[in-house]
Amino acid sequence: MRMKMQEGQSLSKKTITILVPCYNEQESLPLLFDRMDSLVSGSKDFDYSLLFVDDGSKDKTRELIRQYSQKRAYVEYIFLSRNFGKEKAMYAGIRNINTDGLVIIDADLQDSPELIPEMAKLWRQGYDDVYARRRTREGETWLKKATSRWYYDVLQKISGVEIQKDTGDFRLLDRKCINALKMLDESERNSKALFSWIGFKKIEFLYDRDKRVAGKTKWNYFKLFHLAMDGITSFTTVPLKIATWLGGIVSCSAVIYAIFIFTRTLMHGIDVPGYASTMIVLLFLGGVQLLSLGIIGEYLGRVFMQTKGRPNYLIEEEKLKSNDD
């Protein structure tokens with residue numbers, strides 16, 4: 001009788017996969033492993049499994065994941081053939097999720113795994129997307145915080161979809177959200193935008209974000225800028241990108257030069273009749289044209305990448321329960 005009750009309790013447990021995208025995280029993985037083991041072994045309400053997706057690491061990340069998975073049936077992994085980017089690495093993981101819920105968390109432990117049970121309680125109350133909003137962000141510069149806030153303010157104003165501010169990839173998603181995300185196979189991905197686009201019943205979970213436990217962030221400002229452009233172009237056709245790099249530089253130079261010519265004309269007179277006004281008009285129109293071409297090019301480039309039909313990622317090695325005998 002007792003055995004039947006235990007089996008019934010086990011069957012009633014909800015299953016959650018914790019997806020961990022990795023890229024050169026050999027320094028933080030041992031600490032992550034210990035905390036994940038504590039989470040899994042101490043759970044009475046949920047059955048956890050771990051899915052590591054390595055995005056072409058060049059250090060010992062893959063070796064550490066292999067060793068970790070050998071004696072743990074709840075650990076799976078996917079190793080991509082090269083570095084495709086975090087967005088596509090997450091998509092590779094999402095496409096291989098078969099549990100009731102999914103939690104996405106980074107390997108650097110800025111987002112605490114110990115918060116997952118608290119998020120799961122909200123999930124059990126009927127929410128489909130429990131997104132973690134950062135109350136504080138330790139270890140990040142004021143510039144990064146400010147630019148992030150400005151970006152989300154702009155995106156919120158021009159988008160027809162409600163965008164969650166001060167959030168990252170750390171969240172718990174229900175099965176219906178997972179199935180929806182599997183359908184979105186676009187090549188230029190911005191997961192934060194896609195999480196908002198799919199909708200479903202969402203709730204905010206406030207937390208304090210920690211510093212990285214080891215290593216350095218892989219997100220420089222160039223990558224963040226590219227990610228921001230993906231988010232904007234995924235949501236609107238409004239020309240929000242004021243200029244491409246080349247168009248912006250040329251346009252600024254054109255304006256500065258136009259002011260210089262105009263000032264020199266006022267101070268020293270006209271060298272050639274009509275020269276000043278002609279140069280100002282030409283430079284201004286040339287700058288506007290470059291800006292317009294740059295904006296069109298951004299959208300056209302994304303259409304070009306999508307129409308190629310190439311897979312978002314390629315798998316070099318994997319260990320998945322569905323593939324194990």
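Some ground rules. Residues are numbered from 1 along each chain as its sequence is written. Local features need pLDDT of at least 70, side-chain atom pairs count only at pLDDT 80 or more, totals for chains, interfaces and linings use all residues, and side-chain values use heavy atoms, with hydrogens and water left out.

Confidence next. Residues 1–11 fall below 50. Beyond near neighbours in sequence, that stretch has one contact, meaning heavy atoms within 4.5 Å. Where pLDDT is low, the predicted coordinates should not be read in detail.

Now the helices. Helices are DSSP runs of H or I, at least four residues; strands are runs of E, at least two; both are numbered from the N terminus. H2 covers residues 29–41, and H3 covers residues 61–70. Their axes, lines fitted to C-alpha atoms over the stretch in contact, come within 11 Å. They cross at roughly 25°, on a scale from 0 to 180 degrees between N-to-C directions. So H2 and H3 are roughly parallel, which covers angles under 35 degrees. H2 brings Leu29, Phe33, Met36 and Asp37 to the contact. H3 brings Thr61, Leu64, Ile65 and Tyr68.

Last stop: Asp174, in strand S6, residues 167–174. Leaving aside neighbours within four places in sequence, Asp174 contacts Asp100, Trp123 and Asp128. The C-alpha atoms of Asp174 and Ala120 are 9.9 Å apart, across 54 residues of chain.

Definitions and conventions. pLDDT is the predictor's confidence in each residue, from 0 to 100. Angles under 35 degrees count as roughly parallel, over 145 as roughly antiparallel, 65 to 115 as roughly perpendicular and the rest as oblique.
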